[in-house]
Amino acid sequence: MNSQSAVMSYSRTRGIILVLVAAIFWGVSGTVAQFLFHQQGFTTNWLVVTRLILSGVGLLFFSKLGLKQNIWTIWKNKQDVVQILIFGMLGMFGVQYTYFAAIQYGNAATATILQYLAPVLIACYMCLRTKSLPAKQEVIAIFLALFGTFLLVTKGNIQSLSISGPALFWGILSAFALAFYTLFPVKLLSRWGSVQTVGWGMTIGGVGFATYHPPWDFQGSWNLTSFLAVCFVVLFGTLLAFFCYMESLKYIRASEASLLACVEPFSAAFLAVAWLHVSFGLAEWIGALSILSTIFILSAVKK
C-alpha cells in the first residue's frame, strides 16, 4: 500500500469512527433521558427547553469563536429570517419534543426506532411531490416499515398494544417531525452551514418554548446522578455527537454517514434492555430490523 492509499484508508477509518461515536452518543442520550423521566421524575418540557437553549447557544459560540463565522448575518435577509424561525419552532423544537415525549410515555428503544420511519415518509413525500409511482425498492421499504411497526407496537398480537397509546402517538409524530426537519432547511444549510443553522434552530426553539415552560419551572429529583445525566444529554448527546457527525463528513460521503448512523437505535435498544431492563422480545427485534432495513433499501433508489 503506497502512502497516498494509506492516508485515504486512515481518513476513511477516522470518518467511520466519528460517525459511529456520534450515533452511539445519540442512542445513549435517549436511554439516559428515559432514566431521567422514569426514575428521577424529570419532565419532557424541562429537558427539551434546557437542552435546546444550552446546546443552541453552545453551537453558536462554536460557530462564532471556533469557525470565525458571523452568526448575525442570517438575520439581515427576510426570507432567511422566516425560514430559520419556522425551522426552529416546527423543525428543531418539533423533532426534539416529540422524541422525548415518546421516551417519557414509552421507552428509548421504541421511540428511537419509530423515529427511523422518517426515511420512508420522505420517500412517500418525494413520490407525491414528483407525481411519480414509487420504485420497487420504495414499495418494499414501505411494506417493511408497516410490518416492523406492527411487530414493534403489538409484539405480533393484533388484539393488544405492547406500548401505550401516547407513546405510539408521539413516536409516529416524531418520525413526521424528523422528516420535516430533514427536508425543510435545505436552503438554510446551503447558505449558512449546518453548525449555524442548527445552532440558531435550537436557540429559537428553546427560547420560543421557554415562553410557555421556562427552565426554572422544574420538577424532578436533583442529585449527582441526575446532574451528570443532564450534562451527558446536553454535552455528549447533542454538542459532541453533532460535532463528530459533521466532522465525519470530511472523510466519508453523507450517504455512508446516514447508513452508519443506524447504530443509534441499536445502541438505544441495547442500553435500555441492559441498564433499564426494558422488555424487548423477539418480535420487537424483528420489527426493529424491518424498520431499519428500509434505510439500506432506500439508499439504493437512484432518485
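Here is a walk through the structure, from the overall fold down to a few single residues. The model is predicted, so local features need pLDDT of at least 70 and side-chain atom pairs count only at pLDDT 80 or more, while totals for chains, interfaces and linings use all residues. Residues are numbered from 1 along each chain as its sequence is written, and side-chain values use heavy atoms, with hydrogens and water left out.

Let's start with the fold. The chain has 13 helices and zero strands (DSSP runs, H or I of at least four residues for helices and E of at least two for strands, numbered from the N terminus). Its C-alpha trace spans about 55 × 55 × 45 Å along the principal axes. Of the 303 residues, 50% count as buried, meaning under 20% relative accessible area with a 1.4 Å probe, protein chains only (exposed is over 50%, partly exposed in between).

Now for the inside. Beyond its neighbours within four places in sequence, Ile103 is in contact (heavy atoms within 4.5 Å) with Gly30, Ala33, Gln34, Phe37, His38, Ala108 and Ala111.

Thr110 sits in helix H4, residues 108–115. Thr110 counts as buried because its relative accessibility is 7%. Leaving out residues up to four places away in sequence, Thr110 touches Leu152, Ile163 and Phe280.

Finally, look at H10: at its start, a side-chain oxygen of Asn223 comes within 3.0 Å of the backbone nitrogen of Thr225.

Note on methods. Polar contact = N/O pair within 3.5 Å; in protein donor to acceptor, adjacent residues only side chain to side chain.
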